[in-house]
Amino acid sequence: MMEGASKDRQSITSDWVPLIKTIDGVRIREVKNVPKSNGVLTEVFRTDWGLDEGIVQQVFQTTMVPGGLSAWHVHMLSTDRLFVSQGLLKIVLFDARESSPSRGCVNEFCFGTQRPALVVVPPGVWHGVQNIGGEPALLLNLVDRAYRYEDPDHWRLPPATPQIPYSFATGPLTDGLR
């Protein structure tokens, strides 16, 4: 073995279930693409999945250019439900909630056309999204509270804030990932 080499630790089971300690309240539902004679059908959201209360007041789509980054933001009242409908996005979450059992935890996910999933982000969890693919990516958000133009439930920090132990250039800055 060469000096300085480190062995990878297990990150996934033989059934392809990720071994990650998710932030308290975060829910993930990987979905299957269903090939059809005229294309592909992909379910995005169903209340019977039981991921959260299932209220959807607004759906919007964001187009992200290759390398595009949207970070960091948090909602104090709203639940985001993020679904990458095209392309490849990295979704990073940071739990800064005072009373959360996963306070300080960072989660990093890569989802997209080939690996679709719905990521439920509870209020108080900071999140950022980056297009890591070579093509434009489409991100759907199915929120439980419609955007209030006169009083947005939207707080921001810059992408390189020292308050969140994560760099979009290099990854987690602590071992809070798992």
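This is a predicted model: local features need pLDDT of at least 70, side-chain atom pairs count only at pLDDT 80 or more; totals for chains, interfaces and linings use all residues.
Residues are numbered from 1 along each chain as its sequence is written, and side-chain values use heavy atoms, with hydrogens and water left out.

Me: How many residues of strand 11 are buried?
Reply: Strands are DSSP runs of E with at least two residues, numbered from the N terminus, and buried means under 20% relative accessible area with a 1.4 Å probe, protein chains only (exposed is over 50%, partly exposed in between). Ala 137, Leu 139, Asn 141 and Val 143 point one way and Leu 138, Leu 140 and Leu 142 the other way, and all are buried. Strand 11 (residues 137-143) is therefore largely enclosed by the rest of the structure, the count being 7 of the 7.

Me: Which residue of strand 11 is the bridge partner of Thr 63?
Reply: Two strands pair if DSSP finds at least two bridges between them, and strand 4 (residues 58-64) runs antiparallel to strand 11, joined by 7 bridges. In strand 11, the partner of Thr 63 is Leu 138.

Me: How many disulfides does the structure hold?
Reply: A disulfide is counted when a pair of cysteine sulfur atoms lies within 2.5 Å. For the structure, that count is 0. Cys 105 is in no disulfide, its nearest cysteine sulfur, that of Cys 110, being 16 Å away.

Methods
Helices (H or I, at least four residues) and strands (E, at least two) are DSSP runs, numbered from the N terminus.
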